[in-house]
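Hello,

I am handing over the structure we spoke about, with the sequence and the model placed directly below this paragraph. Could you please look through it first and then read the notes that follow?

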Amino acid sequence: MLEGEIPTLRLYSWDTPTISYGYFQNHEDFSNVDNSWKRVRRLTGGGAIAHHHEITYSISCDIHHPLVRQSEHLYCHVHNAWINALKEISIHITARGGQRPSHKDKWCFKTLDPLDLITEDNLKIVGSAQRKTKQRFLMHGSIPLRAQKLMGGSGLEHLRSQNLPWLETCEQLLPVFISSMNMEIKKGSLTEKELNLVKTLKISRYSHDNWIKNRHYKLAHSNIQKIS
Amino acid sequence: MFPENLKYLSSHEWALIDGDTATIGISDFAVKQLSDLVFIDLPELGSDISAGQTFGEVESVKAVSDLYAPLSGQVIEVNSHVADNPESLSEDPFGRGWLIKIKVTNNAEVDSLLDAIAYTKVTEEAEH
């Protein structure tokens, strides 16, 4: 959530199967999960996600950007754009609607909130979350290509009954997603400044046990302050 | 219109100042924007908070947001009822939904807070 930069849409995947905990979740709740899954704690709340064979997206921008206004509106706006984009590859999904569930599972894809996107079989296919600070706004989410038994939900490959290569699928989805968002985008890659911040954050926060297990990040706090 | 006896931050926190003690909470405008609250993380008793810095975090169904301190001071009371029942904050955000009380360490900081009229303008701008 780099201060002062232009709004950024990013699509990415995961090198290593990784579980991301919601910001307030307990590390101990996942002690029975196979250690072949790496762990990381997100800046956003909600349930845990098992990231493997998926399209992950993030949108970050200034908190005062017109996109943000009311964050729930943006939530629907982004999800509608994914509904339209997935239609492009013949996958038909809808927002669940209805009431909030009384029970929340520790896994994101096993909890169905009204704004979540689901398949015709009532399985979650897109899970998203937001984080707001004084300066910046982040929304990110997960669209599994393959369903993960560990966390439930569905996957695009299951819905299409075929393998879907990550890059080709992103290239098919992106133009419709962008036009549905009513955005113009300029392709780019991480700047040197951003890459340096990634290194700093990895060392001082995201790969550190204090953060993963206890949500503490006192180490190198002065560095964190600049970007959170 | 917001209570005139309170001071505000544009990030929607309020402070009720009584001598060298301040009660701090978040406005009904913020509560409405956050919608369904599921978790509130508040500072420990005795900890120090600094004006303009985060003193806690609140999680709604879909978003985590920071809470900012209107004033600097030491935490002398934490509303454990709200911490244990976040959804109760929406019932009375300017009263029973207060979050923490602090012993103010720098009274001069009060001058930089917004009054109810200025805060009303902030919320009107946020809605347009």
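**What was found**

A:Asn182 sits in the loop between α3 and α4 (192-206) of chain A. Please keep in mind throughout that this is a predicted model. A:Asn182 has a positive phi of about 60° although it is not a glycine, and its relative accessibility of 71% means that it counts as exposed. A second residue of this kind is A:Ser161, which is not a glycine either and has a positive phi of about 55°. A:Ser161 belongs to the loop between α2 and α3 (166-181) of chain A, and with a relative accessible area of 66% it is exposed. As background, most residues other than glycine have a negative phi.

**Two buried residues of chain A**

A:Ser154, in the loop between β9 (136-144) and α2 (156-160) of chain A, is buried, with a relative accessible area of 2%. Not counting residues up to four places away in sequence, A:Ser154 touches A:Thr119, A:Leu123, A:Lys124, A:Ile125, A:Pro144, A:Ala147 and A:Leu159. One of these, A:Lys124, forms a salt bridge with A:Asp116, with N and O at 2.9 Å, and both A:Lys124 and A:Asp116 are buried.

A:Ile212, which lies in helix α5 (residues 209-214) of chain A, is likewise buried, here with a relative accessible area of 8%. The C-alpha atoms of A:Ile212 and A:Val40 are separated by 5.6 Å, although the two residues are 172 residues apart along the chain. A:Val40 is also among the residues that A:Ile212 touches, and others among them are A:Tyr21, A:His27 and A:Tyr206.

**Inside chain B**

In strand β6 of chain B you will find B:Phe55, which is buried at a relative accessible area of 6%. Leaving aside neighbours within four places in sequence, the contacts of B:Phe55 include B:Ile24, B:Leu42, B:Ile49, B:Leu67, B:Leu99 and B:Ile100. By comparison, B:Lys32 is 23 residues from B:Phe55 along the chain, and their C-alpha atoms are separated by 20 Å.

Helix α3 of chain B (residues 116-127) has 12 residues, which at 1.5 Å a residue should span 16 Å, and the end C-alpha atoms are 17 Å apart, which agrees. Which residues of α3(B) are buried? They are B:Ala116, B:Tyr119, B:Thr120 and B:Thr123, and because they cover an arc of only 105° around the axis, they fall on the same side of α3(B). In general, an α-helix has 3.6 residues a turn, so residues three or four places apart point the same way. On the other side of α3(B), B:Ile117 and B:Glu125 are exposed, while the buried residues pack against β1 (7-8) and α1 (28-34) of chain B.

**Where the two chains meet**

The contact takes 21 residues from chain B and 23 residues from chain A, and together the chains bury about 1800 Å², of which 45% is on carbon and sulfur atoms. Of the area that chain B buries against chain A, 34% is supplied by B:Gln33, B:Lys62 and B:Val64, more than by any other three residues.

Between the two chains there are 11 residue pairs in polar contact. On the side of chain B that touches chain A, the elements giving two or more residues are α1, β4 (37-41), β6 (54-60), β7 (63-68) and α3 of chain B, and the largest share, 5 residues, comes from β7(B).

The structure holds 11 salt bridges over all chains, and 5 are found across the interface of chain B and chain A. B:Glu57 meets A:Arg131 in a salt bridge at 3.3 Å, N to O, and B:Glu57 also forms a salt bridge with A:Arg215, where the closest N and O atoms are 3.5 Å apart. In this second pair, B:Glu57 lies in strand β6 of chain B and A:Arg215 in the loop between α5 and α6 (221-225) of chain A, so the pair joins two chains; both residues are buried. These three residues belong to a network of salt bridges that links A:Arg131, A:Arg215, B:Asp41, B:Glu57 and B:Asp66.

Another salt bridge pairs B:Asp36 with A:Arg100, the closest N and O atoms being 3.8 Å apart. It crosses between chains, from the loop between α1 and β4 of chain B to the loop between β6 (94-95) and β7 (117-118) of chain A. B:Asp36 is partly exposed at 37% relative accessibility, and A:Arg100 is partly exposed as well, with a relative accessible area of 33%.

With best wishes

Methods:
Residues are numbered from 1 along each chain as its sequence is written. Chains are lettered from A and ligands numbered from 1 in the order in which they are written. This is a predicted model: local features need pLDDT of at least 70, side-chain atom pairs count only at pLDDT 80 or more; totals for chains, interfaces and linings use all residues. Side-chain values use heavy atoms; hydrogens and water are left out. Helices (H or I, at least four residues) and strands (E, at least two) are DSSP runs, numbered from the N terminus. The expected span of a helix is 1.5 Å times one less than its number of residues. Buried means under 20% relative accessible area, exposed over 50%, partly exposed in between (1.4 Å probe, protein chains only). The arc is that of the directions from the helix axis to the C-beta atoms. Contact means heavy atoms within 4.5 Å. Buried area is the accessible area (1.4 Å probe) that two parts lose on being put together, summed over both. A salt bridge is a side-chain nitrogen of Lys or Arg within 4 Å of a carboxyl oxygen of Asp or Glu. A polar contact is a pair of N or O atoms within 3.5 Å; within protein, one must be able to donate a hydrogen and the other to accept it, and residues adjacent in sequence count only if both atoms are side-chain atoms.
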